[in-house]
Amino acid sequence: MTPLTALLGANGSGKSTFFDVFAFLSDCFSEGLRRAVDKRGKFSDLRSRDQSGPITFEVAYREGGLIEGKRPGLVRYHLEIDELDGRPVVASEWMHWKRGSFGAPFRFLDYQYGRGSVISGNAPEQADTRLELPLAASDVLAVSTLGQLANNPRVKSLRDFIVGWHLSYLSTSDTRVVPEAGPQEHLSRTGNNLANVIQFLAERHPTLLDRVFMALRRRIPKLETVQPLSLPTGHLLLTVKDAPFKDGVQARYVSDGTLKMLAYLIQLNDPAPPPFLGIEEPENFLHPKLLRELAEECDVATRRMQMVVTTHSPFFIDALEPAQVWALRRNARGYTEAVRASQMAGVPEQIAAGASLGQLWLEGFFEAGNP
């Protein structure tokens with residue numbers, strides 16, 4: 001996956017399911033396995049159709065910085081969940097990495113059904129002592145529990161990484177709510193605390209907020225200011241003022257596109273960004289000409305975080321490179337598969353000749369992603 005990855009495809013091709021994999025893992029770590037499953041129905045609803053047995057997730061990642069003066073190796077996290085006596089359980093959970101230049105990776109965390117072991121320390125080695133540390137129950141994630149202990153920094157790093165993921169399902173109706181007053185640091189999944197985050201930025205990061213408003217005015221020239229106003233009731237009212245008029249109007253009278261672009265710019269300029277940000281179908285309510293500029297804003301934001309965007313918009317992918325775009329399709333067996341645009345026959349050559357990705361997609365040159 002590139003720093004910015006876009007997923008496109010027809011309705012029912014699996015984009016939202018892929019997106020929910022990240023949300024499910026994040027929920028497992030922040031709310032627990034049982035709650036993450038219950039939010040999505042029964043355990044059987046999570047399985048691919050006509051399948052049985054456990055569900056397996058694997059995440060490969062590399063930490064930033066140095067560990068004991070060396071660039072850290074690639075870490076692989078494996079989670080296998082199953083159902084036992086009508087409840088979800090962790091059938092298998094392990095982490096492995098390769099410390100040296102030679103040899104196979106070794107597991108420094110290895111658990112099954114709540115029992116297993118971990119090698120502690122900043123840079124676990126295969127010869128180090130393994131600690132047998134049973135968990136409270138078979139539905140408890142080892143990484144979620146052991147990652148809260150300071151003597152397991154590699155496990156803690158993975159836990160913090162996944163808990164820090166942010167999946168955005170912005171709702172324009174939610175950005176119009178009048179919340180209780182009080183600054184909040186990060187935008188919620190639906191954007192219902194937009195006024196609170198603007199209040200926080202105005203108090204703590206006014207220069208950054210000015211840059212957000214400047215970027216917004218470049219896209220919506222008539223807009224002048226956005227202000228959260230404290231009400232006597234203890235709530236916060238978001239107002240938007242257009243340049244020709246003396247007074248601003250309440251957010252509930254502002255266009256969906258203006259509020260959504262504002263929310264995305266706030267999200268992309270978070271002073272303490274998440275390590276991973278997912279955005280689902282940003283094109284809803286936005287003018288097509290704004291989507292290329294939003295894609296460019298996303299690309300700039302990847303200097304500070306990794307992003308995945310699902311989209312139906314050729315205008316959004318016009319700003320991207322073929323290696324950043326994956327097209328999803330259902331194969332003959334009914335399951336989702338993904339094809340990278342840079343690996344599709346003829347696409348790199350046509351891009352080099354001056355074509356755009358969105359144009360090629362609309363004209364049927366993609367091997368996948370079409371209705």
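Colleague: Which residues does Q267 touch, not counting residues up to four places away in sequence?
Modeller: Q267 touches H166, S168, L170, L187, S188, L277, I279 and M305 when residues up to four places away in sequence are not counted. Contact here means heavy atoms within 4.5 Å. This is a predicted model, in which local features need pLDDT of at least 70 and side-chain atom pairs count only at pLDDT 80 or more, while totals for chains, interfaces and linings use all residues. Residues are numbered from 1 along each chain as its sequence is written, and side-chain values use heavy atoms, with hydrogens and water left out.

Colleague: With which side chain does the side chain of Q267 make a polar contact?
Modeller: With the side chain of H166, at 3.3 Å. A polar contact is a pair of N or O atoms within 3.5 Å; within protein, one must be able to donate a hydrogen and the other to accept it, and residues adjacent in sequence count only if both atoms are side-chain atoms.

Colleague: Is Q267 buried or exposed?
Modeller: Q267 is buried, with a relative accessible area of 6%. Buried means under 20% relative accessible area, exposed over 50%, and partly exposed in between, using a 1.4 Å probe and protein chains only.

Colleague: Which helix is Q267 found in?
Modeller: Q267 is found in helix α9, residues 256-268. Helices (H or I, at least four residues) and strands (E, at least two) are DSSP runs, numbered from the N terminus.

Colleague: Which strands does α9 lie across?
Modeller: α9 lies across β8, β12 and β13, and runs at about 165° to β12. Axes are lines fitted to C-alpha atoms, for helices over the stretch in contact, and angles run from 0 to 180 degrees between N-to-C directions.

Colleague: What order do the six strands of the open sheet have?
Modeller: The order is β8-β12-β13-β1-β14-β15, with mixed pairing. The edge strands, each pairing on one side only, are β8 (166-168) and β15 (336-340). On average, neighbouring strands of this sheet are turned by 20° against each other, direction ignored. Two strands pair if DSSP finds at least two bridges between them.

Colleague: In which sense do β12 and β13 pair?
Modeller: β12 (residues 276-280) and β13 (residues 306-311) pair in the parallel sense, over five bridges. The bridge partner of E280 in β13 is T310.

Colleague: New topic. How far apart are E31 and Q267 in space?
Modeller: They are 23 Å apart, C-alpha to C-alpha, and 236 residues apart in sequence. E31 sits in helix α1, residues 15-31, and is partly exposed at 38% relative accessible area. The side chain of E31 makes a polar contact with the side chain of R35, at 3.4 Å.

Colleague: Rings next. How many aromatic pairs does the structure hold?
Modeller: The structure holds 10 aromatic pairs. One of them is Y61 with F161, which is stacked at 5.5 Å centre to centre and 25° between the planes. Rings of Phe, Tyr and Trp (its six-membered ring) pair if their centres lie within 6.5 Å; planes under 30 degrees apart count as stacked, over 60 as edge-to-face and the rest as tilted.

Colleague: Where do Y61 and F161 lie?
Modeller: Y61 lies in strand β2 and F161 in helix α5 (residues 153-163), so the pair ties together parts that are 100 residues apart in sequence. F161 also pairs edge-to-face with W165, at 5.5 Å centre to centre and 85° between the planes. Both F161 and W165 are buried, and Y61 counts as buried at 7% relative accessibility.

Colleague: Which residues do ring pairs link into a cluster?
Modeller: F18, F22, Y61, F161, W165 and F276.

Colleague: Last one. How many helices and strands are there in the chain?
Modeller: There are 13 helices and 15 strands. Of the 371 residues of the chain, 47% count as buried.
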